[in-house]
Amino acid sequence: MVRGLLTVLVALFCIATGNAQVSFKGKVISKETGKPIEGVVIRIGGNLSGFTTDTEGEFEIKNLKEGKYNIRFSHINYLPLQTKFSTSEKSSVFKLEENYVNFSQVVVTGTGTHHRMSNSPIPINVITEKDIKNTNATNLEEVLSKLNPSFSFSTNGMGTTMLYNGVNQDYVLILINGQKVAGDDTYKRINIDNIKRIEVQSGAASALYGSDAIGGVINVITDEQKNKIDIASTTRVMSHGRITEGASATVSQGKFSSYTNYRYEHSGSWQLNRYDTDSLITGKMNSVGYHSHNIDQKFVYDINPNLSVYVNGGYYDNSSDRPANSMSQDKRHPDKFKPAYTYDILHKDYRYGAGMKYIINKKAYLMADFFSDNAKYEKEYLGNDKHEKGSHTLDKKLHYYDANIKGIFKLGNRNKLSAGLEYVYENLESEKTTRNSAIDENMYTMSLYVQDEWNIVDGLSAVGGLRYLYHKNFKNYATPSVSLMYKWNGFNVRASYARGFRTPDLAQMYTMSESSGNKITIPNTDLKPEKSNYYTLNLEYNTGRYSFRVTGYYNDLYDMINYRILSPEEAEAKGFGDYASVQERDNIERAHVGGVNVFANAYLGAGFSLGLGYSFNDAYNETSKKPIDKSIQHVGTINGAWKHVWDFYELNVNVNGRAQSGRYSERYEEAPSFSLWDINTRHKFTLKDFILEPGIGVENLFDYRDDRLWNNNFATLTPGRTFYVSFSVRFIH
């Protein structure tokens with residue numbers, strides 16, 4: 001009896017011991033300085049859940065079974081580390097080596113799967129959180145302008161237009177964590193205070209992402225660390241009433257994490273010249289003031305180490321603050337004045353979504369996502385014309401829905417297969433006005449895509465992809481892509497071809513509007529998708545402290561949509577013969593864009609680093625025999641930085657410069673060439689659980705202003721030399 005009881009007790013003890021839960025504590029420090037590193041992301045094995053170091057570089061992993069584990073460390077400013085630890089050690093110190101260039105960053109944009117930047121078969125440029133802080137940018141437009149010469153921006157009374165490698169924003173897909181940002185105002189809607197990195201892919205990517213990715217892809221990856229409590233606030237003040245205020249809160253307890261981000265922006269208006277091109281006094285502003293609110297919320301629940309689910313949502317509103325009392329001389333009656341503005345523009349947008357990630361085993365991974373982006377655009381009248389003050393009219397409503405499921409499967413040691421299904425539904429609504437017809441139209445797309453990544457032999461790999469879709473209006477279509485990469489002694493050589501397409505949007509197909517002079521634009525439901533063939537050749541070299549990358553590309557675009565003036569006979573046949581001018585959108589243009597992009601980065605030692613970028617672009621409209629509107633041939637950027645750490649204090653000094661040649665315009669004379677230079681300093685104090693970071697700097701150091709007459713093709717709208725101050729505080733526990 002006693003022997004039997006002892007046997008049972010021993011067995012129970014062995015079971016209890018075998019299932020004992022232990023904790024492991026660690027600390028992560030810099031290999032160069034020995035200082036603790038906060039914000040290091042730590043993952044055990046292939047688990048989805050992770051941990052983050054605090055301000056002392058410390059972390060604790062609980063509820064582990066005794067044994068040995070693989071552990072991975074990653075940080076935006078340090079080289080990744082993968083090693084092992086044993087729970088018998090109870091604690092350990094891990095050292096990370098500083099990352100002087102961005103080639104070790106993990107990217108997902110080129111293939112939809114995770115690769116180190118230097119190992120990605122598709123060339124990807126990465127802008128990190130550190131890069132963004134060093135420029136002291138306030139929005140995505142400034143980030144891209146200062147850090148990538150392939151981008152250029154042009155602003156006028158109709159808004160801001162982005163060009164990337166010679167093609168405009170209609171052909172560039174903007175994503176947040178792989179999800180499309182639909183509608184307008186995409187630059188201001190992205191909160192740069194919460195960016196971990198920005199991945200930029202040049203050229204067509206329709207095989208992976210579908211419509212719109214003819215010219216390139218911008219994928220903004222947000223920061224989702226796993227601190228128990230992480231609260232931050234950032235304030236920035238500049239001239240002309242420019243204020244930004246950001247706040248964020250992260251709470252992570254066990255399996256549950258919550259991420260909240262808020263950003264407020266305000267800007268006043270300014271003029272560069274009070275006279276227009278007719279030598280009349282104008283009340284029009286070169287830059288119109290605005291205020292906006294942007295809030296995002298995400299909840300994540302790790303059901304187990306292999307299964308994670310999330311829900312998210314966001315709200316954005318932006319209102320222009322046009323001066324109601326601003327007056328302009330009447331062109332027909334110069335002795336009289338009329339209001340320069342009669343209404344403000346309101347943009348409201350809300351997003352929501354949900355999804356899951358599931359690791360089936362070491363060779364299979366599933367993801368499913370649903371998200372919706374919904375925008376509303378209105379005019380709010382100022383009360384200085386026939387409309388009552390505060391009254392509204394609806395311009396349009398946009399609804400975008402996307403549901404997709406994707407699987408990634410390892411087939412042996414040399415193949416990785418990705419496959420997925422996607423359904424997209426879009427709806428456009430607008431009210432009837434005196435000049436515009438009412439619209440309530442929709443369209444949908446169903447897609448099947450597949451991609452194979454093949455490691456042919458050591459150093460040689462290939463990627464092939466294909467998307468097949470069925471569209472409500474355009475029926476069946478397919479877009480292939482193929483890429484080849486060869487690695488040798490720090491050199492990477494890549495060559496690729498991709499076919500791109502863009503479906504006409506609902507506004508292009510169904511909008512009808514009248515304008516002054518008895519002119520009308522009529523809809524065209526027979527539009528075809530715009531298409532492209534994109535070729536690229538890339539060479540890069542990386543030594544750890546030095547990197548060099550040159551990319552040549554050629555983009556052949558056809559069936560491009562533009563306005564076609566109808567003959568009197570065509571206008572009469574369509575029932576619009578009583579108008580002086582009738583135009584409709586049609587697939588009437590072809591263009592080609594060729595160019596070279598060069599990037600070089602170097603760590604010079606003693607805390608000094610230097611980055612150089614140059615872009616040459618030949619964007620030519622073969623139909624009009626002229627350059628593409630708003631295109632620029634030469635752009636160069638320079639980014640120099642110096643960093644030094646004294647105990648709890650870190651100093652960062654940064655200089656940024658951008659020089660560009662003249663910008664072509666179909667309507668106006670060419671905008672002049674110019675250069676802009678900024679200098680800024682950041683002062684980081686780490687005090688236990690708090691990080692304080694004041695900043696001060698000067699933008700447009702040499703006070704350049706394009707103060708030509710209003711209504712020109714302006715080179716830039718900067719108001720001149722500007723001093724700014726900023727302050728951020730962060731609590732991590």
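In the predicted model, buried residues account for 49% of the 733 residues in the chain. The accessible surface of the chain amounts to about 33,900 Å², and carbon and sulfur atoms contribute 56% of this area. Six helices and 44 strands are found in the chain. The chain is as compact as a globular protein of its length, because its radius of gyration, 28 Å, is close to the 27 Å given by the globule rule for 733 residues. The C-alpha trace spans about 110 × 55 × 55 Å along its principal axes. Of the contacts between residues at least 6 apart in sequence, 62% join residues at least 24 apart.

In general, the strands of a sheet pair through backbone hydrogen bonds, in either a parallel or an antiparallel manner. Strand E1, comprising residues 21–30, pairs with E4 in the antiparallel sense, and six bridges connect the two. Within this arrangement, Lys-27 is placed opposite Glu-58 in E4.

Strand E1 also contains Ser-23. The relative accessible area of Ser-23 is 31%, so this residue is classed as partly exposed, a class that lies between the limits of 20% for buried and 50% for exposed residues. When residues up to four places away in sequence are not counted, Ser-23 touches Glu-60, Ile-61, Lys-62 and Lys-90. Between Ser-23 and Val-457 the separation is 434 residues in sequence and 42 Å in space, taken from C-alpha to C-alpha.

Helix H3 (residues 140–147) is largely enclosed by the rest of the structure, because six of its eight residues are buried. These buried residues are Leu-140, Val-143, Leu-144, Ser-145, Lys-146 and Leu-147. At the start of H3, the backbone nitrogen of Glu-141 has a side-chain oxygen of Asn-139 within 3.2 Å.

Conventions
Residues are numbered from 1 along each chain as its sequence is written. This is a predicted model: local features need pLDDT of at least 70, side-chain atom pairs count only at pLDDT 80 or more; totals for chains, interfaces and linings use all residues. Side-chain values use heavy atoms; hydrogens and water are left out. Two strands pair if DSSP finds at least two bridges between them. Helices (H or I, at least four residues) and strands (E, at least two) are DSSP runs, numbered from the N terminus. Buried means under 20% relative accessible area, exposed over 50%, partly exposed in between (1.4 Å probe, protein chains only). A polar contact is a pair of N or O atoms within 3.5 Å; within protein, one must be able to donate a hydrogen and the other to accept it, and residues adjacent in sequence count only if both atoms are side-chain atoms. The radius of gyration is taken over C-alpha atoms; the globule rule is 2.2 Å times the number of residues to the power 0.38. Contact means heavy atoms within 4.5 Å. Accessible areas come from the Shrake-Rupley method with a 1.4 Å probe; for residues, only the protein chains shown count as cover.
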